[in-house]
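Good morning, everyone. Please look at the sequence and the model on the screen while I talk.

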Amino acid sequence: MLDRNIDETLDESRTSLPHAMLIDHDAREREHLASCLRIGGFEVVVASDLDDAMGYLSLHSRPDFALIDSASGEELFEQLRSSDACAGMKFIGLGESRSGLDRSFARPINAEQLVDELSREFGVVAV
């Protein structure tokens, strides 16, 4: 009985982390930004291209938002935007702004500013 009460207390104290999908063809930048977001309190999945992103979405629940490198191309953005798997997901651009994005961050990306602004937007509480 005590174990069950402890488990229930632990479950109640756990918070759901905002879930991000980071799509960037540059592996080094992708991993750097993903690490910064994870340290900042986000759950992050990475994808290098449309196939990676759609493969993940076909097997998992929809992230809260997608960070998309502008160099990844218009086709990637349009296919994600029109996919039922992405319904309700926010789209955030990394680089040049384009129509249909909920917001964008200009290059060069300031990782600290990115994490701070996304933390405020998605209600991440600093630990």
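**Confidence first**

The protein has a mean pLDDT of 86, and 87% of its residues reach 70 or more. pLDDT is the predictor's confidence in each residue, from 0 to 100. This is a predicted model, in which local features need pLDDT of at least 70, side-chain atom pairs count only at pLDDT 80 or more, and totals for chains, interfaces and linings use all residues. Residues are numbered from 1 along each chain as its sequence is written, and side-chain values use heavy atoms, with hydrogens and water left out.

Now the start of the chain. Over residues 1-14, pLDDT stays under 50. The model has zero contacts beyond four places in sequence for residues 1-14. Contact means heavy atoms within 4.5 Å.

**Two helices**

Helices are DSSP runs of H or I with at least four residues, strands are runs of E with at least two, and both are numbered from the N terminus. How do α2 and α5 pack? Helix α2 covers residues 27-39, and its axis lies 10 Å from that of α5, at an angle of about 45°. Axes are lines fitted to C-alpha atoms, for helices over the stretch in contact, and angles run from 0 to 180 degrees between N-to-C directions. So α2 is oblique to α5. The cut-offs: under 35 degrees is roughly parallel, over 145 roughly antiparallel, 65 to 115 roughly perpendicular, and the rest oblique.

Which residues meet? From α2 come His32, Leu33, Cys36 and Leu37; from α5 come Ala111, Leu114, Val115 and Leu118. By class, that contact of α2 with α5 has seven nonpolar, one polar and no charged residues. Ala, Val, Leu, Ile, Met, Phe, Trp, Tyr, Cys and Pro count as nonpolar, Asp, Glu, Lys and Arg as charged, and the others, Gly among them, as polar.

Stay on α5, where Ser119 is found. Is Ser119 buried or exposed? Ser119 counts as buried, because its relative accessibility is 13%. Buried means under 20% relative accessible area, exposed over 50%, partly exposed in between, with a 1.4 Å probe and protein chains only. Not counting residues up to four places away in sequence, Ser119 touches Gly40, Phe42 and Val124.

**Two loops**

Leu101 sits in the loop between β4 (90-94) and β5. Leu101 is buried too, at 17% relative accessibility. C-alpha to C-alpha, Leu101 and Phe91 are 5.2 Å apart in space, yet ten residues apart in sequence.

Last stop: Pro108, in the loop between β5 (103-105) and α5 (111-122). Most peptide bonds are trans. The bond joining Arg107 and Pro108 is cis, with omega about -5°.
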